[in-house]
Amino acid sequence: MKSEEIDKAIKRYAEERQHETRRVAQEHFLAYVYLVATAGDIEQFMKHTRNLLAYYIDSLSLFENPFRNTQVCWLLLMFLLFGFGLYMMTEDGLRIGGIIICTGTAVFGTSLWKIIWGNWLSTNLLIAYYWEIIDLIDRLQSSPQVEATA
């Protein structure tokens, strides 16, 4: 059993889950597992998949969190520049520069926020799909009669 096969099964589930219901995606995941793994290796394949998914969830929540990377620092800098632009608008000689700085930071800050928010949503959605697979594996390992009939 190779980790590439496990990664492929996980990736297929996540891609299919975006377009199908949970039940359909889980049925297709199980069918793929039964095709890839031999009869004696299914339980081992599921254990390795669960362990790999736990690792992926930990790494995604720690390293791929968009609220912990440089984009948020740039967004905070945009807020600071916006505040400075507001100060510049109160001075008579600097009003035009303040208007330009405020509008520029508002436009770029909004687009940067949309990027950060989209990354956060996609990361959390992927983590939710991984939890669904872990839940499926836990249910299958706790009831051996379901595994025999599935």
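How many residues has helix 4, and how far does helix 4 reach from its first C-alpha to its last? I looked this up in what is a predicted model. Helix 4 covers residues 70-90, which is 21 residues. Its reach is 31 Å, close to the 30 Å expected at 1.5 Å a residue.

**Helix 4, buried side.** I then listed the buried residues of helix 4. They are Val72, Leu75, Met78, Gly85 and Met88. I asked which helix the buried residues of helix 4 pack against. They pack against helix 5.

**The core.** I turned to the largest nonpolar core. It has 25 residues. Phe29, Met46 and Ile133 have the most contacts inside it. Helix 1, helix 2 (22-36), helix 3 (42-63) and helix 5 (95-142) each give two or more residues to this core. Helix 5 gives the most, with 8 residues.

**Phe29.** I checked Phe29 next, leaving aside neighbours within four places in sequence. Phe29 is in contact with Ala9, Ile10, Tyr13, Thr49, Ile133 and Leu136.

**Ala9.** Is Ala9 buried or exposed? I call Ala9 buried because its relative accessible area is 2%, under the 20% cut-off. Not counting residues up to four places away in sequence, Ala9 touches Phe29, Tyr32 and Phe45. I also noted a separation: the C-alpha atoms of Ala9 and Phe63 are 23 Å apart. Along the chain these two are 54 residues apart.

Methods: Residues numbered from 1 in each chain as written. Predicted model: local features only at pLDDT ≥ 70, side-chain atom pairs only at ≥ 80, totals over all residues. Heavy atoms only, no water. Buried < 20%, exposed > 50% of the residue type's maximum accessible area, 1.4 Å probe, protein only. Contact = heavy atoms within 4.5 Å. Core = buried A, V, L, I, M, F, W, Y, C linked by side-chain atoms within 4.5 Å. Helix = DSSP H or I, 4+ residues; strand = E, 2+ residues; numbered from the N terminus. Expected span 1.5 Å × (residues − 1).
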